[in-house]
Amino acid sequence: MAKERDNEVKETPLMKQYNAIKAKHPGALLLFRVGDFYETFGEDAIKASKVLDIVLTKRANGAASHIELAGFPHHSLDTYLPKLVRAGNRVAICDQLEDPKDVKGIVKRGVTELVTPGLSFNDNVLDKRKNNYLASVYFGKETLGISFLDLSTGEFMCSEGSQSYIEKLLQSFSPSEVIYSKAARAKAQEILKDQFTTFHCEDWVFQLDYTYDKLTEHFGTANLKGFGIETLEHGIISAGAILYYLEETEHKEVKHISSISRIAEEKYVWLDKFTIRNLELVYSQQDGGVPLINILDQTITPMGSRMMKKWMVLPLKEKEPIEERLKVVDYFFESPDLSEGILGHLKHIGDLERLISKVAVGRINPREMNQLKRALKNTLPIKEILKESKNSSLKKLSDQISSCEFLLDKIERELQEDAPMLIHQGGIIKSGVDDELDEYRNLANTGKDYLVALQQRETQRTGISSLKVAFNKVFGYYLEVTNAHKDKVPQEWIRKQTLVNAERYITPELKEYEEKILNAEDRMLAIEQKYFLALVLDASEYVSQIQQNARILATVDCLLSFSVVAKKNNYCRPKIAETDSLEIKDGRHPVIERQLPIGEEYVPNDIYLDNESQQIIIITGPNMAGKSALLRQTALIVLMAQMGSFVPASYSRIGIIDKVFTRVGASDNLSKGESTFMVEMTETASILNNLSDRSLVLMDEIGRGTSTYDGISIAWSIVEFLHNHPKFRAKTLFATHYHELNQLAEDFPKIKNFNVSVKEVGNKVIFMRKLKEGGSEHSFGIHVAQMAGMPNPIVLRASEIMGHLEKDKEMNAPKDRIKDMPKSNYQLSLFDADPKFKEAQEMLSAIDINTISPIEALIKLNEIKKKLGN
Ligand SMILES: Nc1ncnc2c1ncn2[C@@H]1O[C@H](COP(=O)(O)OP(=O)(O)OP(=O)(O)O)[C@@H](O)[C@H]1O
C-alpha cells in the first residue's frame with residue numbers, strides 16, 4: 001500500500017489524469033489527446049502500435065517508472081480510428097476540454113466519444129452500401145427480445161420471439177456488435193458463438209421499468225403504443241438497453257433516432273438461418289462466390305443499396321404490397337425515358353440518409369452541407385417526375401416527398417459553393433450575407449494587398465532584392481533578409497530572430513497591419529461559424545422530413561434497380577396468387593446463368609408443385625447433373641417474386657410461400673468440430689418442427705453424411721413424414737443420389753419422380769441438365785469419378801464391384817455379398833499410378849515419326865525426360 005502511494009506521488013500529473021480516465025473505461029482503448037497528438041499508453045500502446053503499424057516508444061512516468069507509448073497526429077484520427085475499430089476494439093476518444101492557452105498547469109480532459117464496432121458515424125468505419133447495426137439481445141424465460149440500431153442512419157427496430165427466430169434475425173441483419181446482460185453470458189455464447197463482436201452490460205439495465213422509461217423519455221411520449229411495441233416486453237427491454245448503451249458511450253446527440261418500429265414477423269417470409277446461408281442471398285459461403293444481391297443490386301444510392309439488403313432478407317408474403325412493387329417495376333420497365341430521368345438525378349443524391357443524421361447530431365461539415373444541398377436540389381425533379389407518372393404508387397410517393405424549399409434556398413443563399421471541410425479554414429459563407437463579414441473580409445484582403453505593396457516599397461527603398469514578408473505563429477508577420485543583404489537593413493527595423501542564412505525583423509508599421517489582419521480573420525471566423533451553426537440548426541428542423549425523403553428515394557432506387565436488372569437479364573413479371581400451387585416455366589438460376597463460360601447457355605427447366613397432386617418431387621440424377629441448381633433456383637425465383645422483382649423464367653405463377661426451408665449440400669461445418677451428419681440432422685429437425693401449409697422445403701442429399709442404408713432410411717422416413725403430415729402439406733423438392741427412393745412414388749399419391757437427364761454415350765455421361773418425369777435406374781458416381789481423372793483401374797474395379805452388388809438388389813443381404821466380393825484382376829501399371837507417366841505417354845503418342853526432324857526429335861526427347869524428372 002505504502003509503495004503504491006509512493007508511486008502515485010511520483011507519477012507525473014499527466015499520467016495521473018490519464019490513469020483516472022482510463023479507469024473509467026476499462027474495456028476501451030484510450031486515445032489521449034496531448035497537444036497535437038493522440039497518445040496511447042501501456043497495453044493500449046502495444047495494441048495500437050501493432051494494429052496501426054506505428055512506432056512503440058517509452059515515456060518516463062515521473063520517477064515512478066517507464067510506460068509504453070505510441071501516438072499519431074490528431075488530424076490523422078480519421079485514418080487511424082477506423083483501423084482500430086475494424087480490428088474489433090472499443091475506442092475511447094479523450095479530448096482536451098479547455099484551450100491550453102487559457103490554462104495554467106494541466107488541461108482538463110474527458111472522453112468525448114466511445115466508438116465501438118456497432119456505434120460509429122465515421123465514414124471510414126462505415127461501409128456505404130451496408131447498414132452498421134448494433135444489436136441488443138434480452139434473454140427472457142421463454143422468448144427473447146432483440147433490437148437493432150443503426151446509429152449512422154437513426155434506424156431503430158425491435159422484435160421478440162423464439163431462439164431460432166432471434167438467430168435468424170441476427171443472421172439476416174448481421175450486426176457489427178451485440179450487447180446483452182452479464183448474467184446471460186452463457187446463453188449468449190450459445191447463440192452468438194464467435195460470429196459477432198459482443199459486449200455485456202450490467203444486469204440491472206435489462207429491466208422492464210427502467211428500459212420502458214428510457215424509451216418514452218427519449219421519444220417524448222407517454223407510452224409506446226404509437227410505435228406498435230407496447231406489449232413487446234422483451235423487445236422493449238432490449239431496445240431500452242440500447243439507449244442506455246448510447247449514453248454510456250457518450251452518444252448524447254441522438255435526435256435523429258426519432259422512432260422505433262416493430263419487425264413485423266407476420267409480414268415477411270420466414271427464412272431460417274440455414275436458408276439465408278444456403279441460398280446465398282446476401283453473403284456467399286465460399287470465398288469469391290457471388291451472392292444473389294450482387295446480381296439484383298444495381299441501386300445508385302447508398303441508402304437504396306442498404307434497403308435492397310433488407311428486402312432480400314425480408315421478402316414479403318402479402319399479395320397487395322408485393323403487387324404494388326411489381327406494378328412499379330413493370331411501369332419503370334415499360335418507361336425507359338422516365339427511368340433514365342430519375343436515374344440521372346439519383347446519381348447526385350449521395351447518402352442523404354447519413355447526411356441528415358450528421359445534421360441531427362451536429363457533426364455535418366460545410367462540404368457535406370453542400371452535398372445536402374445537391375441532394376435536396378435533385379430531389380425536386382424526382383418528385384416532379386413521379387407526380388407526372390401514370391402509376392398510382394409513384395404518385396403517392398411523390399406526395400410524400402418534402403421539397404424543403406426554405407432550407408434549400410437558405411443553403412444556396414449563404415453557403416459558399418466550394419466551402420472547405422473544416423469550419424476554421426474559413427471561406428464558408430458567401431459575400432452579401434453579412435455586412436460585417438464582408439467588411440472584415442475586405443479588410444483582410446486589403447491588408448494583405450498592403451503587405452505586398454509594403455514588401456515592394458521596402459525592397460526598392462533598401463535595395464534588398466531578396467526581401468520578403470512572411471508569417472509564423474510565434475512572431476506573426478516579419479521581414480526576412482538573407483545574410484548577403486544584412487548590411488542594408490535600416491536602423492529602425494527590430495531584429496527578432498537570426499537563422500543560419502537570414503535574419504528576421506519586424507517594424508511598427510508591420511505590427512499595426514498584422515493586428516488589423518489577424519483581428520479581421522478572427523472576427524470573420526467567428527461570424528462564419530455563427531452562420532454555419534445557424535444553418536445546421538435550421539437543417540435540423542428538417543430531420544424527419546428528409547429521413548422520409550431518403551426512404552422514398554431508396555424505395556424508388558430499389559424498384560428501378562429491379563427493372564434495370566429485369567431488362568438486362570431477360571426476366572419476366574411473376575403472377576402472384578393466393579393459391580397453393582407453384583408454377584415456373586423455363587426457370588433459370590439467376591446467379592449461375594451469369595457465370596457460365598461464354599458460349600454456354602443455361603438450360604431452363606419447368607417446375608410445378610401444389611398441395612394436392614404433386615406436393616413432393618424426388619429428383620434423382622448423377623452428381624453434377626444440376627439438381628442443387630434446380631432446387632436453389634426454385635427457391636430464389638419464389639423469393640425474388642415476393643421481394644417484388646421480376647424473375648428468370650418465361651412464365652411463373654407463384655402461390656405465395658410463407659416459409660422457405662433448405663437443407664442443401666453437406667455443410668462445411670466440419671472445421672467447427674461438428675460432424676456433417678449431426679449438422680444435417682439438426683438442420684432437418686428444425687425444418688420438420690416448423691412446417692406450414694405454404695412452406696417450400698428444399699432437401700438436397702439428406703442422409704449423405706452417413707452410411708448408405710442409414711441415409712436411405714432417414715431420407716425415406718423424412719419424405720413419408722412430409723407427405724403424411726396431418727396438418728401441413730409443405731411443397732418439397734427432394735434431390736437425392738439414392739434412386740431407391742423412387743419407390744416412394746408408387747406408394748404415395750402426392751410424390752412424383754423426376755430426374756435431371758444425362759445421356760450415356762459409350763461409357764461416358766453427357767449432362768443434358770433437363771428435368772424429366774420419371775426416376776433413375778442407377779447412380780452415376782463411377783462416371784463422375786472417371787470424369788474427375790480417377791486412375792483407370794479404380795474406375796474399372798469400382799464398376800466390377802457395383803455390378804456384383806447390384807446382382808442382388810435385396811437390401812438385407814449386403815454383408816454376404818461383400819464377403820463374396822470377387823478378387824480384383826486389375827494390375828496397377830506405372831502409367832496408371834503416376835500422372836506424369838501418363839502425360840509422357842500422351843506426348844509420345846502425339847509425335848508423328850514420319851514428319852519429325854532429327855533435331856525436333858531430340859528436343860522432344862529432352863522435354864519428355866524433363867517431364868519424368870530426369
Ligand atoms: N440448367 C443448367 N444449365 C447449365 N448449367 C447448369 C445447369 N444446372 C447446373 N449447371 C452447372 O452444373 C454444375 C453442377 O450443378 P449442381 O451442383 O446443381 O449439380 P448436382 O446435381 O447438385 O451435383 P451434386 O450432387 O454433386 O451436388 C453447376 O455448378 C452449374 O455450373
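The expected span of a helix is 1.5 Å times one less than its number of residues. Helices (H or I, at least four residues) and strands (E, at least two) are DSSP runs, numbered from the N terminus. This is a predicted model, in which local features need pLDDT of at least 70, side-chain atom pairs count only at pLDDT 80 or more, and totals for chains, interfaces and linings use all residues. Residues are numbered from 1 along each chain as its sequence is written.

**View A. Helix H12 from end to end.** With its 16 residues (319-334), H12 reaches 22 Å from first C-alpha to last, close to the expected 22 Å.

View B. Look for Ile322, Arg325, Leu326, Val328, Val329, Phe332 and Phe333, which are buried (20 or more other C-beta atoms, placed from the backbone, within 10 Å of a residue's own; exposed means 12 or fewer, and partly exposed is in between). They lie on the same side of H12 because they cover an arc of only 160 degrees around the axis, taken from the directions from the helix axis to the C-beta atoms. Glu320 and Glu334, on the other side, are exposed. Helix H13 (336-346), helix H20 (543-569) and strand S18 (575-577) are among the elements that cover the buried residues.

**View C. Around the ligand.** The residues surrounding the ligand include Tyr602, Asn623, Lys627 and Arg769; a residue is near a molecule if its C-beta atom, placed from the backbone, lies within 6 Å of it. Helix H22 (residues 627-643) gives the most to this shell, with 3 residues.

Technical notes
Two residues are in contact if their C-beta atoms, placed from the backbone, lie within 7 Å.
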